[in-house]
Amino acid sequence: MTQQEEHIIISKVLAGNSEAFASLVYACQDLAVITAYNILLNREDAEEIAQDAFVQAYQSLASFKKESRFSSWLYRIVVNKALNKKSIKRHYTIAITETDGGTVAGDLAGDFVFPQGAENRKYIQAALQQLQFNERLCLTLHYLNEFSIPEINQLTNLSQANIKVLLHRGRKNLYGILKSLLKDELTQLKQP
């Protein structure tokens with residue numbers, strides 16, 4: 001759904017057609033649950049957070065500024081609610097020196113793409129669960145929710161440099177975990 005389509009639906013809802021909100025829910029619900037799940041690692045809590053976020057979004061729709069996408073606004077609500085549920089401190093500090101090479105140069109967003117398809121998602125979710133919380137959070141927000149680094153900075157209060165480091169380290173760790181998971185799968189398939 002495009003930003004313009006989202007804004008048209010919001011205008012309908014604000015004009016009194018509350019049923020139009022269902023199309024926004026349908027378009028965003030899966031990613032809202034996945035986002036909450038990658039923070040909480042609990043399916044029931046993730047579904048509850050997503051539902052609460054939709055209720056809050058609906059109740060606050062009149063205050064939504066159409067400068068951004070509704071989905072981005074909603075995912076911010078989901079992340080904030082999930083972080084509050086997890087009772088995580090909003091201020092994170094991770095030294096850049098924790099990276100393997102000391103500093104990270106270049107565009108860390110790179111060309112990394114999460115594989116598509118149900119089978120691939122199973123492996124991605126299994127691998128994400130094995131990452132450290134901050135790496136999992138940044139990868140989820142950047143690649144699944146398509147938030148920019150400045151947007152992630154606003155959501156998490158992580159510095160942009162730390163986000164870049166977490167994305168770099170998270171991709172590297174995710175690759176290693178996926179390589180191991182897929183190797184184990186192939187080994188199991190070869191055994192009679």
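This is a predicted model: local features need pLDDT of at least 70, side-chain atom pairs count only at pLDDT 80 or more; totals for chains, interfaces and linings use all residues.

## Fold and confidence

The chain holds eight helices and zero strands, and buried residues account for 41% of its 192 residues. Of the contacts between residues at least 6 apart in sequence, 70% join residues at least 24 apart. The accessible surface comes to about 10,900 Å², and 50% of that surface belongs to carbon and sulfur atoms.

The mean pLDDT of the chain is 78, with 78% of the residues reaching 70 or more.

In soluble globular proteins, nonpolar side chains tend to be buried together. Here the largest nonpolar core has 52 residues, and those with the most contacts inside it are Phe-21, Ile-39, Leu-61, Phe-70 and Leu-74. Helices H1, H2, H3, H4, H5, H6, H7 and H8 each supply at least two residues of this core.

Leaving aside neighbours within four places in sequence, Phe-70 is in contact with residues that include Ile-10, Phe-21, Leu-24, Leu-61 and Phe-64, and also with Glu-6.

## Helix H6

Helix H6 covers residues 133-144 and reaches 15 Å from its first C-alpha to its last, close to the 16 Å expected. H6 is followed by Glu-146, whose phi is positive, near 60°.

## Salt bridges

The count of salt bridges comes to six. One of them joins the side chains of Glu-6 and Arg-69 at 3.2 Å, N to O, and this pair links helix H1 to the loop between H3 and H4, across 63 residues. Glu-6 counts as buried because its relative accessibility is 2%, whereas Arg-69, at 30%, is partly exposed.

Glu-135 of helix H6 and Arg-169 of helix H8 lie 34 residues apart in the chain, and their closest N and O atoms are 3.8 Å apart in a salt bridge. Both partners are buried, Glu-135 with a relative accessible area of 1% and Arg-169 at 14%. Salt bridges that share partners also join Asp-45, Glu-48 and Lys-85 into one network; within it, the closest N and O atoms of Lys-85 and Glu-48 are 3.9 Å apart.

Conventions. Residues are numbered from 1 along each chain as its sequence is written. Side-chain values use heavy atoms; hydrogens and water are left out. Helices (H or I, at least four residues) and strands (E, at least two) are DSSP runs, numbered from the N terminus. The expected span of a helix is 1.5 Å times one less than its number of residues. Buried means under 20% relative accessible area, exposed over 50%, partly exposed in between (1.4 Å probe, protein chains only). Contact means heavy atoms within 4.5 Å. Accessible areas come from the Shrake-Rupley method with a 1.4 Å probe; for residues, only the protein chains shown count as cover. A nonpolar core is a set of buried Ala, Val, Leu, Ile, Met, Phe, Trp, Tyr and Cys residues joined through side-chain atoms within 4.5 Å. pLDDT is the predictor's confidence in each residue, from 0 to 100. A salt bridge is a side-chain nitrogen of Lys or Arg within 4 Å of a carboxyl oxygen of Asp or Glu.
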